Amino acid sequence: MGFIGPNGAGKTTTLKILSGIMYPTSGKVRVDGFIPWERKKEYQRQISIVMGQKAQLWWDLPPMDSFILIKEIYQIPKKQFEEKVGALIDLLDIKEQLATQVRKLSLGQRMKCEIIAALLYGPRILYLDEPTIGVDLVTQEKIRNFLKDHNDREKTTIILTSHYMQDIERVCDRVIFIDRGKIIFDGQISTLYDKYAKEKNLELLFKKQVAAKDLEVYGQLTKLEGKKAIIKVERNKSPEIAGKILSKLPVEDILITEPDLEEIIQRFYGTSS
């Protein structure tokens, strides 16, 4: 689930309350039958939290030492630990850095190790606060793929906040929008597109260059670079317009895509304000 809102909306505060780090000033919260800030061991064994700007690994130790310490804290059987940590290390491709002090790791390497540490004891709920912030594009993509695969495979509930909309699109099916601590949308991403995306994009690759004037008759030309073009068209007319373009212009490839989620969110907040 993606947790979205402008700066100051209360995203991180909400995750801290859900994980038991903070006490709310008012109201009630229950997660899987537990009140988070009571910090019962039964609840703490079921959750984990990763905060992009906070470290849970021991700074002067190599990651593997931290993993072993977590094994002892959560009393993970040796065989189960070895299988789990081995699988996570392979999936996140971090084997070469396990003997390096955490403070010497790049941000992307450290974040991969933070995620491994969070998943070692098999939590049912994973809270992620900006897990890809400041991370290079290649590592961002690896983390997104890993989280999506882990969710599909282990059925772990993931609650994710991020300012990178690609994180939300790739990992989440459901989104909640909040503003000043209040929920203003709760539903599937597909519902969000259906309701607030009035257009679709036609991404075109031509066999030869096509003039802008020949494309503008079909919709709003938003990009034209060499043989590539993007045209924004009415959502319900996109198949029809794509067919016309295929029949009249030298098209090598065509894709009908949704607009960026970030654009939809901006439109949503403009509508709801």
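Which residues in H5 meet Thr139, Lys142, Ile143, Phe146 and His150 in H6? The legend to View 1 gives them. This is a predicted model, in which local features need pLDDT of at least 70 and side-chain atom pairs count only at pLDDT 80 or more, while totals for chains, interfaces and linings use all residues. Residues are numbered from 1 along each chain as its sequence is written, and side-chain values use heavy atoms, with hydrogens and water left out.

**View 1. Contact of helix H5 (residues 107–119) with helix H6 (residues 137–154).** Helices (H or I, at least four residues) and strands (E, at least two) are DSSP runs, numbered from the N terminus. Gly108, Met111, Lys112, Ile115 and Leu119 are the H5 residues that meet H6; contact means heavy atoms within 4.5 Å. By class, this contact has five nonpolar, three polar and two charged residues (Ala, Val, Leu, Ile, Met, Phe, Trp, Tyr, Cys and Pro count as nonpolar, Asp, Glu, Lys and Arg as charged, and the others, Gly among them, as polar).

**View 2. The open sheet of six strands.** The strand order is S2-S3-S4-S1-S5-S6, with mixed pairing; two strands pair if DSSP finds at least two bridges between them. Strand S2 (47–51) and strand S6 (182–188) are the edge strands, each pairing on one side only.

**View 3. Strand S1 (residues 2–4) beside strand S5 (residues 174–179).** The two strands pair in the parallel sense over three bridges. Ile4 has Phe177 in S5 as its bridge partner. Strands of a sheet pair through backbone hydrogen bonds, either parallel or antiparallel.

How values were computed:
Axes are lines fitted to C-alpha atoms, for helices over the stretch in contact, and angles run from 0 to 180 degrees between N-to-C directions.
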